[in-house]
Amino acid sequence: MKASIFSGVVPALMTPCKADRSPDFDALVAKAKQLIATGMSAVVYCGSMGDWPLLTDAQRMEGVERLVKAGIPVIVGTGAINSASAVALAAHAQKVGAQGLMVIPRVLSRGSVISAQKAHFKAILSAAPDLPAVIYNSPYYGFATRADLFFALRAEHPNLVGFKEFGGPADMRYAAENITSRDDNVTLMIGVDTAVFHGYVNCGATGAITGIGNVLPKEVLHLCNLAQAAAAGDADARARAKELEEALGVLSSFDEGPDLVLYFKHMMVLKGNKEFALNFIETDVLSDSQRGYVEAQLALFDKWYADWSKLPGAVQAYKAAA
């Protein structure tokens with residue numbers, strides 16, 4: 001099975017809230033359409049960025065179905081407290097016409113037990129055998145999928161086509177070195193915003209799933225294009241990619257923390273997206289200091305990027321990679 005859906009730049013959508021703090025699926029679809037029009041290749045829903053632990057399975061399914069009906073290429077997150085819910089989400093994704101699965105490990109119950117995780121993965125993959133799937137590898141889920149388990153699963157489930165690696169540079173290197181580089185049909189997706197250059201250039205990633213790309217889609221596409229050009233040996237693009245990734249460093253680092261959704265939603269509001277002003281739980285808010293910090297950092301980046309993107313090398317490398 002080919003993994004074309006797991007390429008390009010893919011924002012992990014956040015879930016907008018109505019005034020009563022219920023999901024605003026009209027706003028979700030509208031934002032997805034805007035991001036695709038900007039140049040994103042697909043979207044993820046509903047992963048950690050979409051607040052999957054705070055939504056019911058029915059709400060998540062409604063969001064997926066609304067996106068599919070709007071013509072948006074959707075990769076569906078399968079995070080769940082129990083395998084039965086994960087299986088239902090996967091089966092629904094295939095039924096309504098989603099294009100991929102992001103398979104999340106079993107959490108809380110027996111999460112460190114390899115045999116339990118293998119059974120969990122197998123159940124999800126079996127529920128949607130026609131959908132290409134990647135395993136979401138993240139330390140936040142308390143389980144690291146290693147090469148022996150991955151290939152044991154792939155031997156029985158050809159729809160398992162790769163990894164979304166969130167564990168950072170060392171884990172991404174492990175995945176590239178031990179799993180994804182042996183077969184062009186096994187893909188690696190960058191899963192953390194701070195490791196875009198490393199993922200493309202050093203690990204052969206085929207795409208990136210991004211949080212900050214919701215806020216700064218043009219700029220993140222620029223970075224990914226530069227990194228891809230650098231991976232092809234373009235020396236100027238390599239230098240410019242490093243400059244841009246460094247400038248994005250603080251904003252991208254919010255992707256690594258527990259308040260990632262709060263930070264990214266606040267930045268969305270600063271960029272004019274008022275539908276992201278609320279969170280599902282009323283007390284889930286940034287502190288005054290957190291707000292001041294992210295506002296200053298976003299303003300600094302915007303000012304820097306406006307100046308930097310005028311430099312001939314940045315523009316030329318971007319056009320060469322686009």
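Let me start with tryptophan 308: this residue is buried, with a relative accessible area of 4%. Buried means under 20% relative accessible area, exposed over 50%, partly exposed in between, with a 1.4 Å probe and protein chains only.

A word on the model. It is predicted, so local features need pLDDT of at least 70 and side-chain atom pairs count only at pLDDT 80 or more, while totals for chains, interfaces and linings use all residues. Residues are numbered from 1 along each chain as its sequence is written, and side-chain values use heavy atoms, with hydrogens and water left out.

Helices here are DSSP runs of H or I, at least four residues, numbered from the N terminus. Tryptophan 304 is partly exposed, because its relative accessible area is 28%.

Now the rings. The whole structure has 12 aromatic pairs. Rings of Phe, Tyr and Trp (its six-membered ring) pair if their centres lie within 6.5 Å; planes under 30 degrees apart count as stacked, over 60 as edge-to-face, and the rest as tilted. Tryptophan 304 and tryptophan 308 are stacked, 4.9 Å centre to centre with 15° between the planes. Phenylalanine 254 and tyrosine 263 also form a stacked pair, at 3.9 Å and 20°. Both of these residues, phenylalanine 254 and tyrosine 263, are buried. One aromatic cluster is made of Tyr136, Tyr140, Tyr141 and Phe166.

Stay on α12 for a moment. Helix α12 covers residues 288-308 and includes leucine 300. Is leucine 300 buried or exposed? Leucine 300 is exposed, because its relative accessibility is 52%.

Next, the core. The largest nonpolar core has 114 residues. Such a core is a set of buried Ala, Val, Leu, Ile, Met, Phe, Trp, Tyr and Cys residues joined through side-chain atoms within 4.5 Å. Leu251, Phe264 and Met267 are among those with the most contacts inside it. Leucine 251 touches residues including Phe264, Met267 and Phe301, leaving aside residues up to four places away in sequence. Contact means heavy atoms within 4.5 Å.

Last, a helix pair. The axes of α4 (residues 114-127) and α5 (residues 147-156) come within 11 Å and cross at roughly 35°. Axes are lines fitted to C-alpha atoms, for helices over the stretch in contact, and angles run from 0 to 180 degrees between N-to-C directions. Ile114, Lys118, Phe121 and Lys122 in α4 meet Leu149, Ala152, Leu153 and Glu156 in α5.

Technical notes
Helix = DSSP H or I, 4+ residues; strand = E, 2+ residues; numbered from the N terminus.
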